[in-house]
Amino acid sequence: MPDRNSKITWRVPLAEPPLIADLGIGLHGVDSQVDDWCLPDLWSLHLYGYTGELEVCGTVIPIAPGLVSLVPPGVSTRYRYRGTSRHLFAHIRLPAQADEDCPELPVMLDCGTDLPRIRDRFETALETRPRLPHLARAEVWSLLSLLAARQSSRYDDVSGLHPAVRAVLSHIEAHLSDPMSVASLARGVGLSHNHLTRLFRAQLGTTVVAHIRNRRMHRAHHLLTRTALSVKSVAPMVGFTDLQTFNKAFRKVYGVAPRVIRDRVVNHPFEEDAAPAVALDLSYSQGR
């Protein structure tokens, strides 16, 4: 994986929260399949949802969904796309200078089983920045700290998860809005349908289909409680083209309709959501 094979690393000063210069969703590969970038005084943090290549310091590194890149100020990069390419990005200024006590991170890291937490922090920062900029800074700081912790402890090395299972988990997280089948996921990791099914149940104690459903519902709940998106907007973002089907699936997991959750947040923004807690098959994200 890129974070294990890439020899390009940098010291990252994380003693203080970063200052956010820009934060958003990048869409590339529409007019050009190649882009050159260099930010003279800002770090560049990207969470990828596409396949392509990043060239930095003369080294070409594969880009894939579920990977994060971190590039320091003044370093030139070249991106090669394979069609329309979307990612979350943050251009940040780290207040302190790096020294030997700072964590060392590679240019590209695999989020692995921490992808749900990493993406949630990214998107919460994106949503809260206009009205709560200090919270957005805290979320990005927390995200960077999580990446540093992953790198130092190698969570996936001790997780006990089969590489194919890790790859499927990452793919699911990066494509919650897309149609998915067990057969297509199995083909993507070079396993048969039955082999992936048995492996998934043995390692995670659930089925692939149940995991996809629970991750979609967890994602929907996050969007409904942490953003201003409407129920109608959230449904396709978690793979539902039919609003009635989405309502039924959400109610089955949380016991209430998504509209109830959305209205509760709008009318009582400072109260904790009283929806029942639901086990969402996330035990793998804690490391084993």
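Select helices α7 and α9 (residues 243-254) to start: their axes lie 10 Å apart and pack at an angle of about 95°. Axes here are lines fitted to C-alpha atoms, for helices over the stretch in contact, with angles running from 0 to 180 degrees between N-to-C directions. That angle makes α7 roughly perpendicular to α9; the cut-offs are under 35 degrees for roughly parallel, over 145 for roughly antiparallel, 65 to 115 for roughly perpendicular, and oblique for the rest. Helices (H or I, at least four residues) and strands (E, at least two) are DSSP runs, numbered from the N terminus.

This is a predicted model, in which local features need pLDDT of at least 70, side-chain atom pairs count only at pLDDT 80 or more, and totals for chains, interfaces and linings use all residues. Residues are numbered from 1 along each chain as its sequence is written, and side-chain values use heavy atoms, with hydrogens and water left out.

Show the side chains between the two helices. From α7, Asn 214, Met 217, His 218, Ala 220, His 221 and Leu 224 meet Phe 246, Ala 249, Phe 250, Val 253 and Tyr 254 of α9. Contact means heavy atoms within 4.5 Å. This contact has eight nonpolar, three polar and no charged residues; Ala, Val, Leu, Ile, Met, Phe, Trp, Tyr, Cys and Pro count as nonpolar, Asp, Glu, Lys and Arg as charged, and the others, Gly among them, as polar.

Stay on α9 and pick Asn 247, which lies in this helix. Asn 247 is partly exposed, with a relative accessible area of 27%; buried means under 20%, exposed over 50%, and partly exposed in between (1.4 Å probe, protein chains only). Neighbours within four places in sequence aside, Asn 247 is in contact with Val 231 and Pro 258.

Next, select Gly 239, in the loop between α8 (231-237) and α9. Gly 239 is partly exposed, at 31% relative accessibility. Beyond neighbours within four places in sequence, Gly 239 is in contact with Leu 176, Ser 177 and Arg 216. Gly 239 and Asp 178 are 61 residues apart in sequence, yet 5.4 Å apart from C-alpha to C-alpha.

The largest nonpolar core has 42 residues, and Leu 45 and Val 107 have the most contacts inside it. A nonpolar core is a set of buried Ala, Val, Leu, Ile, Met, Phe, Trp, Tyr and Cys residues joined through side-chain atoms within 4.5 Å. Helix α3 (residues 133-153) gives the most to this core, with seven residues. Select Leu 45: among its contacts, leaving aside neighbours within four places in sequence, are Val 68, Leu 88, Phe 122 and Leu 147. A second, separate core has 18 residues, including Leu 161, Leu 199, Val 208 and Ile 212.

Finally, view the whole protein, which has ten helices and eleven strands. Of its 288 residues, 48% are buried.
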